[in-house]
Amino acid sequence: MPTLPPEQPLPAGNEPHRARRMAESFGSDAERYDRARPRYPDALVRRIVAAAPGPAVLDVGCGTGIAARQLQAMGCHVLGVEPDARMADVARRFGVEVDVATVEAWEPAGRTFDAVTAGQAWHWIDPVAGAAKAARALRPGGLLAAFWNAFQLPPEVAEALATGYRRVVPHSAFDLQGMARPTFAAYAAVLAKSADGIRKAHGFDEPEQWRFPWERAYTRDAWLDQLPTLGIFTGLAADQLAEVLREAGAAVDALGGGFTMRYATVAVTATRTGAA
């Protein structure tokens, strides 16, 4: 689905969970990832905490612990599951307990949770197997919440990114100009596929969708710091990435050295029923 920012699933087969190389590429610069990636709106975190029957949370694909730390700040006890040991190491330094594994291979070992969360991660997980594992780990009444920060770039910045990327990867199927399209629309297919996986896994009530619009002001330097953490750029050679950053930086300079990004944090949620 080439219009999806920021971690665009590979177009072949629309099965990003099979693209393990990209899925596990973010640890190549884990410190930058933690520094530059946006956090999640407090309204989302509060709603997860309010909907869960208790404070025990399993954070799937926890990365460097961005969402986990926000949940901890609201009183949750969080265990992360993360396949990349480099990302897990950063999360541990910030006080998050992490098991290094894919969630498909991870075993609850008798542990149960009040919520299973996944920030910027569920599209890298088999949607049925992941939901089935969540059902095993959740107590009855527990909440599954998969969420993403969808963003909408100014058209000038999206065009510059597309131009730079086409120059260094001329045969790519990714549509970077799609980053200028409305945020929620870009994630519609991922939300639908995630909800369908939850239904097929059984053990949950009918999935719901949540949406939280917000904005963030970026300086040129802040945006160029975040760009290399996006999945389509993590595999570029240094000279290729530099070319893309030059194009993007020039576009931001033309806007006066900064811009305001429109975000919408979108989520698929479902409540665990009494029996799987």
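**Notebook: sheet, helix packing and single residues**

I began with strand E2, which is mostly covered, five of its six residues being buried; buried means under 20% relative accessible area, exposed over 50% and partly exposed in between, with a 1.4 Å probe and protein chains only. I note that this is a predicted model, in which local features need pLDDT of at least 70 and side-chain atom pairs count only at pLDDT 80 or more, while totals for chains, interfaces and linings use all residues. Residues are numbered from 1 along each chain as its sequence is written, and side-chain values use heavy atoms, with hydrogens and water left out.

**Entry 1: the chain**

I counted 11 helices and seven strands in the protein chain. Helices (H or I, at least four residues) and strands (E, at least two) are DSSP runs, numbered from the N terminus. Of the 276 residues in the protein chain, 56% are buried. I also looked up contacts, meaning heavy atoms within 4.5 Å. Among those between residues at least 6 apart in sequence, 78% join residues at least 24 apart.

**Entry 2: the sheet**

I traced an open sheet of seven strands with mixed pairing, in the order E3-E2-E1-E4-E5-E7-E6. Its edge strands are E3 (97-100) and E6 (208-219), each of which pairs on one side only. Two strands pair if DSSP finds at least two bridges between them. Neighbouring strands of this sheet are turned by 20° against each other on average, direction ignored.

I then followed E1 (residues 56-60) alongside E2 (residues 77-82): the two pair in the parallel sense over five bridges. Within this pairing I found Val57 opposite Val78 in E2 and Val60 opposite Val81 in E2.

**Entry 3: helices across the sheet**

Which strands does helix H5 lie across? I found that H5 (residues 85-93) lies across E2 and E3, running at about 170° to E3. Axes are lines fitted to C-alpha atoms, for helices over the stretch in contact, and angles run from 0 to 180 degrees between N-to-C directions. Helix H6, in turn, lies across E1, E4 (113-119) and E5 (138-152), and runs at about 140° to E5.

**Entry 4: H6 against H9**

Two packed helices are described by the angle between their axes and the distance between the axes. For H6 (residues 127-137) and H9 (residues 188-201) I recorded an angle of about 55°, with the axes 8 Å apart. H6 is therefore oblique to H9; angles under 35 degrees count as roughly parallel, over 145 as roughly antiparallel, 65 to 115 as roughly perpendicular and the rest as oblique. The crossing of H6 and H9 is right-handed. A crossing is left-handed if the near helix is turned anticlockwise from the far one by less than a right angle, and right-handed if clockwise.

From H6, I listed Pro127, Val128, Ala131 and Ala132, which meet Lys193, Gly197, Ile198, Lys200 and Ala201 of H9. The residues of this contact divide into six nonpolar, one polar and two charged. Ala, Val, Leu, Ile, Met, Phe, Trp, Tyr, Cys and Pro count as nonpolar, Asp, Glu, Lys and Arg as charged, and the others, Gly among them, as polar.

**Entry 5: H7 against H11**

H7 (residues 155-168) and H11 pack at an angle of about 160°, with their axes 8 Å apart. The two are therefore roughly antiparallel to each other, and their crossing is right-handed. Residues of H7 that meet H11 include Val157, Ala160, Leu161, Gly164 and Val168, and their counterparts in H11 include Val244, Ala248, Ala251 and Val252. By class, I recorded nine nonpolar, three polar and four charged residues in the contact of H7 with H11.

I also looked up Ala242, which is in helix H11. Ala242 counts as partly exposed because its relative accessibility is 29%. Ala242 and Val168 are 74 residues apart in sequence and 10.0 Å apart in space, C-alpha to C-alpha.

Is Asp34 buried or exposed? Asp34, found in helix H2 (residues 30-36), counts as buried because its relative accessibility is 6%. Not counting residues up to four places away in sequence, Asp34 touches Arg39, Thr64, Ile66, Arg69, Val90 and Phe94.

I located Gly256 in the loop between H11 (238-254) and E7 (258-271). Gly256 counts as exposed because its relative accessibility is 68%. From Gly256 to Arg220 I noted a separation of 36 residues in sequence and 9.1 Å in space, C-alpha to C-alpha.
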